[in-house]
Amino acid sequence: MKTISTEIRKVRNNSGEITFTFERKNIKNINLRVRHNGSVYVSAPKSVCEEDVDAFVLSKFDYIRNALDNFSNNDIPKTELQYVSGENVTFLGKNMRINVVKDNREYVNCDGVYVYIHVKRTDYYNRKKNLLNKWLDEQSDIIFSEIMQKVHSKFGAYNISLPELKIRNMASRWGSCQPYKSIITLNKRLIEAPKNCIEYVLYHEFCHFVHPNHSKQFYELLQVMLPNWQIVKISLENTLINKPYI
Ligand SMILES: [Zn+2]
């Protein structure tokens, strides 16, 4: 059945809140589905007003909660972000809370506890997603560059020119380098990790400018440059689920 519109809605009662994806369709009745990934999905015909949809979801509150609890016990991956207030985003090793703010000017800022998404339409999923991702990309660019310059300065004895920094989605690695092209590439997801972990990945990559392989000499140099690298490596591996490696 053709979807007319999609939005993210929230209902709340004394025992908590439920966020659901709501679609308008050419159908006769309201449908509710709780998916195995923990998302709640509701569709309704055009004739039903939003208040009635919310009331319907609230009437199923206990059923939805039970279904979600059962699924979460099955070790199923967490839901994708819905970009609603109260959700967590991991930023530099800290859990920040999303706070969606209705505003005429659209931007994102952060006070160390909350990440505020200022947006004209607070129910517009794609806009919020784009705003947050753009902000995270800008932050990554600034923070990774700063750390790269700091680590680069420690390699003064090796006469390495400051490489070009690329930030990419990388499926299986934290970082990589092309010493002959003077390029270091970092995984976008490193912005979730503490700064000392980002630093460790850069130390590793800069050591490759001296020793291209993971030879004994490579690890000897890494040990000299960053004596606690093994501890930081473990903390990086413990920071994130679905961890890449170097
Ligand atoms: Zn390596």
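Colleague: Is His214 buried, partly exposed or exposed?
Modeller: Bear in mind that this is a predicted model. Buried needs a relative accessible area under 20%, and exposed needs over 50%. His214 comes out at 44%, so with those cut-offs the label for His214 is partly exposed.

Colleague: And which residues coordinate the zinc ion?
Modeller: The donor atom is NE2 each time, at 2.0 to 2.1 Å. Along the sequence the donors follow the spacing H-x3-H-x5-H. The residues are His204, His208 and His214.

Colleague: How many residues apart in sequence are the parts that His204 and His214 tie together?
Modeller: His204 is in helix H4, residues 195-210, while His214 is in the loop between H4 and helix H5 (216-225). His204 is buried, with a relative accessible area of 3%. Because one is in the helix and the other in the loop, the pair ties together parts whose separation in sequence is 10 residues.

Colleague: On to the rings. What kind of aromatic pair do Tyr83 and Tyr125 form?
Modeller: A search of the whole structure turns up 11 aromatic pairs. For Tyr83 and Tyr125, the centres are 5.5 Å apart and the planes make an angle of 75 degrees. Planes over 60 degrees apart get their own label, and the label for this pair is edge-to-face.

Colleague: Which parts of the chain does that pair tie together, and how many residues apart are they?
Modeller: Tyr83 sits in the loop between helix H2 (61-72) and strand S5 (88-91), and Tyr125 belongs to helix H3, residues 125-154. Tyr83 is buried at 6% relative accessibility, and Tyr125 is partly exposed at 23%.

Colleague: Which ring does the charged end of Arg105 sit over?
Modeller: There are a couple of such arrangements to look at. The charged end of Arg121 is over the ring of Tyr124, 5.6 Å from its centre. For Arg105 the distance to the ring centre is 4.1 Å, and the ring belongs to Tyr107.

Colleague: Within what arc do the buried residues of H5 fall?
Modeller: The buried residues in H5 are Phe218, Leu221, Leu222 and Met225. Looking down the axis of H5, they line one face of the helix, because they fall within an arc of 100 degrees.

Colleague: And which residues are exposed on the other side of H5?
Modeller: Exposed calls for over 50% relative accessible area. On that other side, the exposed residues are Lys216 and Val224.

Colleague: Last one: what is the strand order in the open sheet of 3 strands?
Modeller: S9 and strand S10 (175-178) are the edge strands, each pairing on one side only. S9 pairs with strand S11 (residues 183-187) in the parallel sense over 5 bridges. The pairing of the sheet is mixed, and the order is S9-S11-S10.

Methods
Residues numbered from 1 in each chain as written. Predicted model: local features only at pLDDT ≥ 70, side-chain atom pairs only at ≥ 80, totals over all residues. Heavy atoms only, no water. Donors = N, O, S within 2.8 Å, 3.2 Å for Na, K, Ca; no water. Helix = DSSP H or I, 4+ residues; strand = E, 2+ residues; numbered from the N terminus. Buried < 20%, exposed > 50% of the residue type's maximum accessible area, 1.4 Å probe, protein only. Phe/Tyr/Trp six-rings, centres within 6.5 Å; stacked < 30°, edge-to-face > 60°. Lys NZ or Arg CZ within 6 Å of the ring centre and 35° of its normal. Arc of directions from axis to C-beta. Pairing = 2+ DSSP bridges.
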